[in-house]
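Visitor: I'm new to this structure and would like a close look at one part of it. Could you take me through how the helices pack in the part that carries the domain annotation, and then show me what surrounds it?

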Amino acid sequence: MANQTKQHYTPISPLTIRPDFQGNFEIYLRHDNSYVLFNGQGRKLSRDKRQELLNNITKLYIATRDIELYRQYLTEHIRALLEDESIPLDDRTKAWTNTAIAMGRELFEKNLPGPAFANRYKRFESLLQNSSGFMQSPDSLRHLSQFMGKGYDTYHHGISTMVYTVNLLQEYRSGDYETLACGMGALLHDIGKTELPRDITAANPASLSPDDHAILALHPMLGVRACSYFNLPVIASNCILFHHERPDGKGYPTKATPDDLPLEVKAVALCNVYDNFTRTLPYRRAMAPFDALKRIMDTPGLAEPDMLKRLIKLLSRAKIV
Ligand SMILES: [Fe+2]
């Protein structure tokens with residue numbers, strides 16, 4: 001009997017297919033429950049055919065076995081896609097968010113072997129490098145904030161914290177290397193949670209026992225350990241380790257004070273709090289940006305006034321508040 005393997009398919013956004021697409025992988029359309037080959041491997045997709053896709057189709061499919069080829073294609077072309085002003089900003093932002101979420105989901109996969117984790121880290125780093133200019137414009141930030149606020153998972157929160165951090169650091173004219181490294185630290189800041197039981201990490205902190213809190217408090221260290229396989233920049237590692245420290249010295253794991261920590265680490269800590277407050281979680285609704293900022297302002301010791309002022313300025317310029 002012939003050995004037949006069932007083909008699996010993965011949805012992708014038509015927006016991610018560039019006009020210069022050269023058939024890097026096969027593209028399928030879905031009709032009812034069957035998949036029909038639309039563009040074969042190696043075959044160039046004409047501009048007219050691509051436009052027809054964008055006009056009529058919201059989802060394309062690729063064979064799941066080609067997912068690596070697709071990711072590689074995206075990282076190589078994301079800058080061109082983001083800079084293409086013929087595509088509405090809303091669509092470009094959506095394409096970026098979909099790409100970042102797909103790559104974030106892969107990066108945060110539980111029990112990922114070290115080499116696979118290192119590869120996926122490199123790919124996300126390249127995505128950030130190619131898109132940091134785009135995400136640092138007020139218009140993009142406004143659009144991104146609308147898409148990024150959705151999703152319960154650790155990588156949703158990581159991506160969003162990364163975008164706010166990269167923007168906040170721009171307020172300080174932080175160098176490119178520091179911004180990139182801290183962006184990756186912000187992305188990965190909660191990755192240690194993937195090693196803890198979900199009934200602790202996804203629960204309302206107010207409902208946790210002291211023992212559960214002690215377990216949850218391990219996640220910054222577990223995050224650094226998870227990244228120990230490859231050469232994570234020290235500053236990114238510090239962003240992971242110290243993202244729950246507070247200006248009043250009542251944070252964890254070391255009760256560090258502001259003088260102990262560099263600016264970049266404090267930026268991740270503040271953006272982490274802001275994104276947490278403005279994100280709907282299984283046990284509570286999101287706060288509006290203005291309310292979240294007010295809560296941060298009214299909570300003694302949660303934010304340094306100057307940094308909070310810069311975050312407010314940034315969000316105001318992007319018309320988020
Ligand atoms: Fe955390």
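Guide: What follows is a walk through the annotated part, helix by helix, and then out to its surroundings.

Keep in mind that this is a predicted model. The stretch you're asking about comes from UniProt, where an unreviewed entry carries the annotation "domain: HD-GYP" for residues 132-321.

Let's start with helix H12, which covers residues 263-277. One of its partners is helix H6, residues 154-171. The axes of H6 and H12 come within 8 Å and cross at roughly 130°, which means that H6 is oblique to H12. As for handedness, H6 passes H12 in a right-handed crossing. If you want to find the contact on screen, look on H6 for His157, Ser160, Thr161, Tyr164, Thr165, Leu168 and Leu169. Facing them from H12 are Glu264, Ala267, Val268, Leu270, Cys271, Asn272, Tyr274, Asp275 and Asn276. Sorted by class, this contact of H6 with H12 has eight nonpolar, six polar and two charged residues.

Now turn to another partner of H12, helix H14, at residues 305-317. Here the axes come within 11 Å and cross at roughly 60°, so H12 and H14 are oblique to each other. The crossing of H12 and H14 is right-handed. On the H12 side you'll find Leu263, Lys266, Ala267, Leu270 and Tyr274, and they meet Met307, Leu308, Leu311 and Leu315 in H14. By class, the contact of H12 with H14 has eight nonpolar, no polar and one charged residues. Ala267, Leu270 and Tyr274 of H12 turn up in the contact with H6 and again in the contact with H14.

Pro253 sits in the loop between helix H11 (234-241) and H12, and the peptide bond from Tyr252 to Pro253 is cis, with omega near 10°.

Next, let's step back to the surroundings. A domain assignment divides the chain into domain 1 (8-87) and domain 2 (88-317). The centres of domain 1 and domain 2, taken over C-alpha atoms, are separated by 30 Å. Their contact takes 17 residues from domain 1 and 18 residues from domain 2.

One more helix pair to look at is helix H2 (residues 67-83) with helix H4 (residues 114-135). H2 and H4 pack at an angle of about 15°, with their axes 8 Å apart, so H2 is roughly parallel to H4. H2 passes H4 in a left-handed crossing. From H2, the contact uses Glu68, Arg71, Thr75, Ile78, Arg79 and Leu82; from H4 come Arg123, Ser126, Leu127, Gln129, Asn130, Ser131 and Phe134. The residues in this contact of H2 with H4 divide into four nonpolar, five polar and four charged.

Finally, look at the loop between helix H3 (89-107) and H4, where you'll find Asn111. Phi of Asn111 is near 55°, a positive value in a residue other than glycine.

Methods
Residues are numbered from 1 along each chain as its sequence is written. This is a predicted model: local features need pLDDT of at least 70, side-chain atom pairs count only at pLDDT 80 or more; totals for chains, interfaces and linings use all residues. Side-chain values use heavy atoms; hydrogens and water are left out. UniProt positions are given in the numbering used here, feature names are shortened, and annotations may be inferred rather than shown by experiment. Axes are lines fitted to C-alpha atoms, for helices over the stretch in contact, and angles run from 0 to 180 degrees between N-to-C directions. Helices (H or I, at least four residues) and strands (E, at least two) are DSSP runs, numbered from the N terminus. Angles under 35 degrees count as roughly parallel, over 145 as roughly antiparallel, 65 to 115 as roughly perpendicular and the rest as oblique. A crossing is left-handed if the near helix is turned anticlockwise from the far one by less than a right angle, and right-handed if clockwise. Contact means heavy atoms within 4.5 Å. Ala, Val, Leu, Ile, Met, Phe, Trp, Tyr, Cys and Pro count as nonpolar, Asp, Glu, Lys and Arg as charged, and the others, Gly among them, as polar. Domain bounds come from an automatic or database domain assignment.
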